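Hi,

Here's the model I promised to pass along.

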Amino acid sequence: MNPSCRISLNTALLNHYIDDKALTALQPRVNEIVSSLFNKTCAGNDFLGWIDLPMTIQKELPRIRETARRIHEQADHLVCIGIGGSYLGAKSAIEFLADPFTGNRRVLFFGQNISAEYSESLLQYILQKQVCVNVISKSGTTTEPAIAFRLIRNTLAKKYSENELKKRIYATTDRARGVMRHITDEQGYESFIIEDDIGGRFSVLSPVGLLPIAAAGYDIDALVAGAADMAQFCRDNRNVLENPALTYAAARFSLYQQGKLVEILSSFEPSFTFLGEWWKQLFGESEGKDLKGIYPTSANLTTDLHSLGQFMQEGRRLVFETFLMLQQVGSRLVIPDDPANSDQLNFISGRTIDDVNRQAFLGTKFAHYAGDLPNMTMTIPLRNEYVLGQLYYLFEFAVAVSGLLLGVNPFNQPGVEAYKQNMFALLGKPEYEAKRLELQRQIDQEGTAA
Ligand code: PA5
């Protein structure tokens, strides 16, 4: 890995809680866990396809690139339908890589909520556009994307012939099972496979993430190369003080043992916002089970210092913070001088905005440290595909180790079924009648039905 493009982690400001000795004490357990991941003997070992994905996906890249090129020819917009792991990877990558203000205008997302206003607005908008659809669902039975897919087919049928519509729909789904596979085969959509051993939150480097990212115009070869380099690094370097994925996992676990139950992922770049959303799913779904886990949340600074800042500085001390800091910023914007100095800002005239942002970061991290909010800093050298690929893999590897240190299976998500069962019952899905009656009784008792 090119050292100038390498992600690093500084844990110095955790020093009231953790030092190198404490991290090193976890090395034997980390060694066992890393071996169990590579030997595929750990809990959840039927969901370890992500470990070698940056290597195994290489053979798929030409077809993904070619499909993205065809989508460009066919359409000015690609609507990606999916939720959770079938949404956040692509969304986070595109937001990370896009211009922070003008953003990405080609790839739209649908089926990640059930908002009537969002749905209607999107359907109205696409009627005026040339559109392709990438429906992404491993199971095909997830309610939100299933509704969105039905709506979009219905809308686009007003615009395209049946045959033309089929050529504009690309499915990313299971190889053999599920409703979406069935529809795909029946309709003859071009399709990409989500392998059985890759869970949704670990799927960004599969066609789930790569097709939308390529369609948005980004370099998926560089993204996968970054992930592959980090994967190799994680195989080669198992030292808890040298491998940032392991340092991060061990530090989090040690903080958790000392009562730090909430982690804030803070960044000073708006383009990192959805990376925070992706990270929350990865860590929340992987660790939050068996009444264990660190609650992951994120903050956009300095914005949120004007809302969450008070709690961060002086609230209940159950939080630690991980800063994601961009090192090389693509702007030299300078604060102009004002001879009148009516706003009294001339003390920073001539300084770059980035320099001011950096001073805000340093000021914040030392204020938080002084306020007993332990924090670490992950440095992201550049905002490009190669670095992002590294970062995805680093976090995936870290959460696997971190979840296994906690003693949970990091690769399942049994808890996400509960709301779905209730929703199915309330919507009258046939086999949920008993549950519907029980819920109705609770709703009547509570007296606040919407
Ligand atoms: O991590 C997960 O497994 C979930 O977030 C799923 O990705 C999400 O529920 C979507 O599932 P599906 O792809 O089956 O529609």
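A quick definition before the notes: I call a polar contact a pair of N or O atoms within 3.5 Å, where within protein one must be able to donate a hydrogen and the other to accept it, and residues adjacent in sequence count only if both atoms are side-chain atoms. This is a predicted model, with local features needing pLDDT of at least 70 and side-chain atom pairs counting only at pLDDT 80 or more, while totals for chains, interfaces and linings use all residues. Numbering runs from 1 along each chain as its sequence is written, and side-chain values use heavy atoms, leaving out hydrogens and water.

The protein splits into domain 1 (3–41 + 228–406) and domain 2 (50–218), with bounds from an automatic or database domain assignment. Their C-alpha centres sit 30 Å apart.

On contacts (heavy atoms within 4.5 Å), 28 residues of domain 1 touch 23 residues of domain 2. About 2400 Å² is buried between the two domains, 66% of it from carbon and sulfur atoms; buried area here is the accessible area (1.4 Å probe) that two parts lose on being put together, summed over both. F274, R383 and E396 supply 24% of what domain 1 buries against domain 2, more than any other three residues.

On the polar side, 11 residue pairs are in polar contact across the interface, both residues at pLDDT 80 or more. There are also 2 salt bridges between the domains, meaning a side-chain nitrogen of Lys or Arg within 4 Å of a carboxyl oxygen of Asp or Glu. R235 and D52 form a salt bridge through their side chains, at 3.0 Å from N to O.

Cheers
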